[in-house]
Amino acid sequence: MSTESVILVGIALVIRLTFMDSSMSSSRKKLMRTLCFAVASLALITTTLASESTRPNVLFISIDDLNDWLGCYGGHPQVQTPHIDRLAQQGVLFSNAHCQAPICNPSRVSMFLGKLPSTTGMYFLGPNFRTVEPTRSDQTLFQTFRDHGYFVSTRGKIFHGKADAASFDHVEKSTGWRRGAEKLRYTLAKTHPLWDWGQVDVPDEEQRDYQTAAWAAQELPKLAAREKPFFLAVGFHLPHVPIYASKRWFDLYPLDSLQLPETVTVDRDDLPEIAKQLTLNPTAPRHSWMVESGEWKHAVRAYLAANSFVDHMVGMLLKSLANSDAADNTIVVLWSDHGFHLGEKLRWAKRTLWEETTRVPLIFAGPGIATDQLCPRPVGLIDVFPTLLDLTSLPPRADLEGKSLQPLLKNPKAKWNRPTICTFGPNNHSLRGERYRYTRYADGSEELYDHMNDPNEWNNLLAIKEPGVEHRQVADRLKHWLPTYNADPVAGSAGSDSPIYGEGKISLSEAMKKGEAKRKAK
Ligand SMILES: [Ca+2]
């Protein structure tokens with residue numbers, strides 16, 4: 001019986017008693033009325049408690065810097081990720097999901113606060129959102145679930161940097177091996193010290209991400225046995241640089257048959273200058289170096305190996321959940337904070353407004369969600385917060401800028417009339433609709449790509465002096481969705497790693513020193 005029906009039954013009984021047998025003495029009537037109120041109230045309390053303890057749990061799985069190189073996303077023809085592929089079959093895979101910022105911190109802050117970077121001014125790697133206005137006192141996704149009776153627990157990389165204390169009932173400290181100062185594969189003097197990849201001779205069980213997965217797998221049956229519903233947030237660090245895995249995972253991808261991403265040498269010729277500058281990350285190796293040094297295939301192989309290793313660990317979590325009492329009452333959400341270029345558009349890493357960076361895996365499975373469905377509608381990580389409130393029947397929050405995906409989780413072909421947006425730096429926005437990507441930079445220059453005919457975004461349809469009327473109309477239609485407010489970067493903003501914002505004016509070796517000093521300071 002729902003809370004509403006209990007209230008209605010209570011009211012009905014009171015009315016019935018009010019007009020009951022007139023022969024009954026007035027004191028007796030009063031007593032009956034009081035009893036009736038007490039019964040109705042007790043039923044109401046019991047029902048409310050029951051609905052709290054039967055609310056679905058949430059298993060929230062984050063994978064850092066994971067692009068579409070998953071079997072179910074088809075981003076690389078050789079990648080092997082059987083566990084994530086199976087999860088997609090059990091739920092809804094969003095094939096056109098995008099982050100709201102193309103680097104860790106602002107992407108995660110936007111997702112967890114449910115606000116756009118253009119609203120908060122959080123555009124770059126720093127500062128921490130708790131140290132600045134206007135986000136200092138914001139209530140995160142996790143806090144909201146805590147406030148509604150959930151036990152919220154976490155381990156691994158969920159926030160960029162330290163876990164936000166107010167967000168969790170329990171933060172389990174990471175343990176396990178991670179690459180130290182030694183280099184695995186190459187020594188290019190002028191890149192960030194984290195930039196490295198290769199096979200490691202360290203058993204999987206000893207590695208950091210594995211220990212995170214093993215802990216979470218042990219924790220799930222315990223959480224399932226609790227009276228309160230749970231929200232477990234598990235964050236994997238791989239395949240973020242340094243990209244490594246053990247021999248078992250490298251052996252899946254023999255070098256001699258490895259396929260590399262498709263590129264065209266003139267790809268960047270039709271880009272506005274601001275696009276070239278914005279994406280000129282001085283901490284990553286240049287694509288030309290990757291090709292000339294012969295390292296391209298080694299990095300691609302390491303990324304594939306790391307993805308298969310992470311997939312194995314996701315499998316550990318899903319197996320534990322399936323064997324637990326919470327199997328039928330848990331929503332699983334798997335996502336990444338942004339994608340990653342491995343040579344596409346002649347670039348490496350993130351910090352771009354192109355498809356390989358903005359597109360992210362996003363999969364939902366569990367109660368109330370369709371199974372084995374692919375949803376092509378353009379959605380964002382910012383939509384996850386309102387969706388989870390909806391799926392768990394928690395009250396909606398008016399301050400959230402995303403939109404609940406619940407209609408699409410029931411019917412993945414349902415109508416959806418809005419594009420999604422990704423922002424890098426103030427007033428540089430890229431809108432992704434179902435077919436087109438439209439990008440407008442702060443200086444007014446533009447890009448337009450037709451994904452039906454150009455999935456690699458090789459041809460900027462607005463680069464020619466007089467673009468066709470049809471393309472101009474598409475751009476104008478999408479432009480309507482650009483934010484009208486663009487917050488200044490918050491105080492202490494840093495970590496754009498772009499020449500546009502000054503930081504790129506330092507030389508590559510200075511960038512490297514800066515990175516090393518930061519690591520030592522930790
Ligand atoms: Ca990241």
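**Figure 1. The hairpin of strands S15 and S16 contains a residue with positive phi.** In this hairpin, five residues lie between the strands, and Gly 425 takes a positive phi near 80°. Helices (H or I, at least four residues) and strands (E, at least two) are DSSP runs, numbered from the N terminus. The model is predicted: local features need pLDDT of at least 70, side-chain atom pairs count only at pLDDT 80 or more, and totals for chains, interfaces and linings use all residues. Residues are numbered from 1 along each chain as its sequence is written. S15 (residues 420-423) and S16 run antiparallel and are joined by four bridges; two strands pair if DSSP finds at least two bridges between them. Cys 422 has Ser 430 as its bridge partner in S16.

**Figure 2. Strand S16 also pairs with strand S17.** Four bridges join S16 to S17 (residues 436-440), and the two run antiparallel. The hairpin between S16 and S17 passes through three residues, and His 429 stands opposite Arg 440 in S17. From S16 (residues 429-432), His 429 and Leu 431 point one way while Ser 430 and Arg 432 point the other way, and all are buried. A residue is buried if 20 or more other C-beta atoms lie within 10 Å of its own, exposed if 12 or fewer, and partly exposed in between, with C-beta atoms placed from the backbone.

**Figure 3. Eight strands form an open sheet with mixed pairing.** Their order is S5-S4-S7-S1-S9-S12-S2-S13. Strand S5 (170-172) and strand S13 (373-375) stand at the edges with a single partner strand each, so one side of each is left without a neighbour in the sheet. From one strand to the next, the twist averages 15°. Angles run from 0 to 180 degrees between N-to-C directions, and axes are lines fitted to C-alpha atoms, for helices over the stretch in contact.

**Figure 4. Strand S1 is largely enclosed by the rest of the structure.** Seven of the seven residues of S1 (residues 57-63) are buried. Asn 57, Leu 59, Ile 61 and Ile 63 point one way, and Val 58, Phe 60 and Ser 62 the other way. S1 runs parallel to strand S9 (residues 330-336), with seven bridges between them; the partner of Phe 60 there is Val 333. Six bridges pair S1 with strand S7 (residues 230-236), also in the parallel sense, and Ile 63 stands opposite Phe 236 in S7.

Figure 5. The axes of H7 and H11 come within 8 Å and cross at roughly 10°. H7 and H11 are therefore roughly parallel to each other, a term for angles under 35 degrees; over 145 counts as roughly antiparallel, 65 to 115 as roughly perpendicular and the rest as oblique. Residues in contact have C-beta atoms, placed from the backbone, within 7 Å.

**Figure 6. The buried residues of helix H3 line one face of the helix.** In H3 (residues 82-90), the buried residues are His 83, Ile 84, Leu 87 and Ala 88. Seen down the axis of H3, they fall within an arc of 145°, so they line one face; the arc is that of the directions from the helix axis to the C-beta atoms. Their cover includes strand S2 (91-94), helix H11 (296-322), S9 and strand S12 (362-365).

Definitions and conventions. Two residues are in contact if their C-beta atoms, placed from the backbone, lie within 7 Å.
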